[in-house]
Amino acid sequence: MTENEALDTHLQELRRGTVVLACLRLLRQPGYGYGLLEELNERGFQTDANTLYPLLRRLEKQGQLTSEWNTDEARPRKFYRTSPAGDMLAAAMAAEFRAIAVAIDSLTEEN
């Protein structure tokens, strides 16, 4: 494994949990998969459809998201929204993320 491949692997691991948090926060307003994918990428959460759609299904199965189909347009779309349980999870994850960031900053300041 090259140095760049190793870095890419570690960065992917680091980002994985942040995408969950970003989805829960962004879906406080109802959204569908493709629109969410675009917004995540625009905001710097690089992900792809092969990662996002299974994540949305998993979060829905866990009760963190709710969904409903919109059939008003020519192409039906499944809209997701963060559930109350998902809001609580997002708040806990954001607090933990901030605590980790402070801890990392303290390591950087010591060196």
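In the predicted model, strands β2 and β3 run antiparallel and are joined by six bridges. The two strands form a hairpin, with six residues lying between them. Within this pairing, T66 is placed opposite R81 of β3. Strand β3, which comprises residues 77-82, also runs antiparallel to β1, and two bridges connect this second pair. Here G31 faces Y80 of β3. Taken together, the three strands make up an open sheet with antiparallel pairing, in the order β1-β3-β2.

Read from the N terminus, the elements follow the order α-β-α-α-β-β-α. Along the principal axes, the C-alpha atoms of the protein chain fill a box of roughly 60 × 35 × 25 Å. The protein chain has 111 residues, of which 25% are buried. Contacts were also examined by separation along the sequence. Among those between residues at least 6 apart in sequence, 45% join residues at least 24 apart.

Helix α1 spans residues 3-26, and its axis comes within 11 Å of that of α2, the two crossing at roughly 120 degrees. An angle from 65 to 115 degrees would count as roughly perpendicular and one over 145 as roughly antiparallel; α1 and α2 are therefore oblique to each other. Their crossing is right-handed. On the α1 side the contact involves V19, A22, C23 and L26, which meet L36, E39 and L40 of α2. By class, the residues of this contact between α1 and α2 comprise six nonpolar, no polar and one charged.

Helix α2 also packs against α3, at an angle of about 120 degrees and with the two axes 10 Å apart. Helices α2 and α3 are therefore likewise oblique to each other, and the crossing of this pair is right-handed. The residues of α2 that take part are G33, Y34, L36, L37 and L40, which meet A49, L52, Y53 and L56 of α3. The contact of α2 with α3 contains eight nonpolar residues, one polar residue and no charged residues.

The loop between α2 (33-42) and α3 (49-61) contains T47. This residue, T47, has a relative accessible area of 16% and is buried, since the limit for that class is under 20%. Leaving aside residues up to four places away in sequence, T47 touches L37, L40, N41 and L52.

N41, another of the residues touched by T47, has its place in helix α2. With a relative accessibility of 26%, N41 counts as partly exposed, whereas T47 is buried. When residues up to four places away in sequence are again not counted, N41 touches Q46 and T47.

E38 likewise lies in helix α2. Its relative accessible area is 36%, so E38 is partly exposed. E38 and A49 are eleven residues apart along the chain, and a distance of 9.9 Å separates their C-alpha atoms.

Note on methods
Residues are numbered from 1 along each chain as its sequence is written. This is a predicted model: local features need pLDDT of at least 70, side-chain atom pairs count only at pLDDT 80 or more; totals for chains, interfaces and linings use all residues. Side-chain values use heavy atoms; hydrogens and water are left out. Two strands pair if DSSP finds at least two bridges between them. Helices (H or I, at least four residues) and strands (E, at least two) are DSSP runs, numbered from the N terminus. Buried means under 20% relative accessible area, exposed over 50%, partly exposed in between (1.4 Å probe, protein chains only). Contact means heavy atoms within 4.5 Å. Axes are lines fitted to C-alpha atoms, for helices over the stretch in contact, and angles run from 0 to 180 degrees between N-to-C directions. Angles under 35 degrees count as roughly parallel, over 145 as roughly antiparallel, 65 to 115 as roughly perpendicular and the rest as oblique. A crossing is left-handed if the near helix is turned anticlockwise from the far one by less than a right angle, and right-handed if clockwise. Ala, Val, Leu, Ile, Met, Phe, Trp, Tyr, Cys and Pro count as nonpolar, Asp, Glu, Lys and Arg as charged, and the others, Gly among them, as polar.
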